[in-house]
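Hi,

Have a look at it in your viewer before you read on.

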Amino acid sequence: MVPVLTEGGRSFKGAALYYLHDKRRAGEAERLTDERVAWTQTVNLPTDDAERGWRMMATTAMKADELKAAAGIKATGRKLTKPALAYSLSWHPDEAPTKAEQVEAAQETLKLLGLGEHQALIVCHTDEPQPHVHVIVNRLRAG
């Protein structure tokens, strides 16, 4: 398995538009088809729906100060400007991991990154010869 970590960003909507849909073609502002998506899995979210899940992740990030105050946590320190983290896990084209094995690998990498209790979406794509998943993580912990 080969992990690839992105730089991260501010927009869960942008990540969702990219990972939950097909790639845009020249001249398109956005593409809402999802033929390359084999399946999705939510992690630490109260929904199994990926579209609702990314919206919940965005809301958590936007309401971070309110959530901290409600939990009795001081709102000190630097503000996190890039709460959306994404990375991919790819296997060799000759390998055929099951959905359960791919989910387990994604959850294990979340734990290794210290993000095991964070909100996340796992998205499996079929647009490359190698099996691969993308993991979108909310770097702000919701609970």
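The protein has 4 helices and 5 strands, where helices (H or I, at least four residues) and strands (E, at least two) are DSSP runs numbered from the N terminus. Read along the sequence, these elements follow the pattern β-α-β-α-α-β-α-β-β. The radius of gyration is 16 Å, close to the 15 Å that the globule rule gives for 143 residues, so the protein is as compact as a globular protein of that length. That radius is taken over C-alpha atoms, and the rule is 2.2 Å times the number of residues to the power 0.38. Along the principal axes, the C-alpha atoms fill a box of roughly 50 × 35 × 25 Å.

Some housekeeping. This is a predicted model, so keep in mind that local features need pLDDT of at least 70 and side-chain atom pairs count only at pLDDT 80 or more, while totals for chains, interfaces and linings use all residues. Residues are numbered from 1 along each chain as its sequence is written, and side-chain values use heavy atoms, with hydrogens and water left out.

On contacts (heavy atoms within 4.5 Å): taking those between residues at least 6 apart in sequence, 65% join residues at least 24 apart. Buried residues make up 41% of the 143 residues. Here buried means under 20% relative accessible area, exposed means over 50%, and partly exposed is in between (1.4 Å probe, protein chains only).

Now the cores. In soluble globular proteins, nonpolar side chains tend to be buried together. I count a nonpolar core as a set of buried Ala, Val, Leu, Ile, Met, Phe, Trp, Tyr and Cys residues joined through side-chain atoms within 4.5 Å. The largest one has 19 residues, and those touching the most other members are Phe-12, Tyr-19, Leu-20, Trp-54, Met-57, Leu-121 and Ile-136. Helix H1 (12–19), helix H2 (50–62), strand S3 (84–90) and strand S4 (120–125) each supply at least two residues of this core, and H2 gives the most, with 5 residues. There is also a second, separate core of 17 residues, which includes Val-43, Tyr-87, Cys-124 and Val-133.

Next, the aromatics. Rings of Phe, Tyr and Trp (its six-membered ring) pair if their centres lie within 6.5 Å; planes under 30 degrees apart count as stacked, over 60 as edge-to-face and the rest as tilted. By this rule the count is 1 aromatic pair. Tyr-18 and Tyr-19 form it, edge-to-face, at 4.9 Å centre to centre and 85° between the planes. Tyr-18 is partly exposed at 40% relative accessible area, whereas Tyr-19 is buried at 10%. The charged end of Arg-36 sits over the ring of Tyr-18, 4.8 Å from its centre (the test is NZ of Lys or CZ of Arg within 6 Å of the ring centre and within 35 degrees of the ring normal).

His-125 is in strand S4 and His-134 is in strand S5 (residues 132–138). Both are buried: His-125 has a relative accessible area of 3% and His-134 one of 13%. Beyond four places in sequence, His-125 touches residues including Tyr-19 and Arg-36, and the contacts of His-134 include Tyr-19 and Tyr-87.

Last, Asn-44, which lies in the loop between strand S2 (37–43) and H2. Asn-44 has a positive phi of about 60° although it is not a glycine, and at 44% relative accessibility it counts as partly exposed. Its side chain reaches the backbone oxygen of His-118 at 2.8 Å, and a polar atom of that side chain lies 3.0 Å from the backbone oxygen of Gly-116. Leaving aside neighbours within four places in sequence, Asn-44 is in contact with Gly-116, Glu-117, His-118 and Gln-119.

Cheers

Key
Polar contact = N/O pair within 3.5 Å; in protein donor to acceptor, adjacent residues only side chain to side chain.
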